[in-house]
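The sequence and the structure are shown first.

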Amino acid sequence: MADGDAFRAEMSRTLAHDPYGHGSSSVAGERDRREATIGGAIVLYYVSGTVLTVTVVRMVALG
């Protein structure tokens with residue numbers, strides 16, 4: 001994940017279009033609290049459908 005532009009592009013290609021898809025899973029039984037592996041990082045995020053926002057709250061680089 002050394003390339004920030006590549007990571008942002010991967011986030012746009014995947015979560016921006018379908019935050020509930022792309023291999024994501026709910027965390028602690030909350031549908032809007034999600035976790036997914038995107039662009040070489042584990043990303044924990046919240047989805048807000050009312051304002052069309054995905055908020056990343058924690059990101060851990062793999063490797």
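In this predicted model, the side chains of Arg-13 and Glu-10 meet in a salt bridge, with 2.9 Å from N to O. Both residues belong to helix H1, and because they are three residues apart there, about one helical turn separates them. Arg-13 is exposed at 52% relative accessible area, whereas Glu-10 is partly exposed at 23%.

Helix H1 spans residues 4-13 and also holds Asp-5 and Arg-8, again three residues apart and so separated by about one helical turn. These two form a salt bridge whose closest N and O atoms are 2.6 Å apart. Asp-5 has 54% relative accessibility and therefore counts as exposed.

The model has four salt bridges in total; the table gives some of them, including one between Arg-33 and Glu-30.

| Salt bridge | N to O distance |
|---|---|
| Asp-5 and Arg-8 | 2.6 Å |
| Arg-13 and Glu-10 | 2.9 Å |
| Arg-33 and Glu-30 | 3.8 Å |

Arg-33 is partly exposed, at 23% relative accessibility. Glu-30 is also partly exposed, with a relative accessible area of 37%.

A nonpolar patch on the surface is formed by Ile-42, Val-60 and Leu-62, which together have about 220 Å² of accessible area. Of these, Val-60 lies in strand E4, residues 53-61. Its relative accessibility is 41%, so Val-60 counts as partly exposed.

Gly-39 sits in the loop between strand E2 (30-38) and strand E3 (41-48). With 37% relative accessibility, Gly-39 is partly exposed.

Definitions and conventions
Residues are numbered from 1 along each chain as its sequence is written. This is a predicted model: local features need pLDDT of at least 70, side-chain atom pairs count only at pLDDT 80 or more; totals for chains, interfaces and linings use all residues. Side-chain values use heavy atoms; hydrogens and water are left out. Patches are made of residues with over 30% relative accessible area and no salt bridge: like charges are joined within 9 Å, nonpolar side chains (Val, Leu, Ile, Met, Phe, Trp, Tyr) within 5 Å. Accessible areas come from the Shrake-Rupley method with a 1.4 Å probe; for residues, only the protein chains shown count as cover. Helices (H or I, at least four residues) and strands (E, at least two) are DSSP runs, numbered from the N terminus. Buried means under 20% relative accessible area, exposed over 50%, partly exposed in between (1.4 Å probe, protein chains only).
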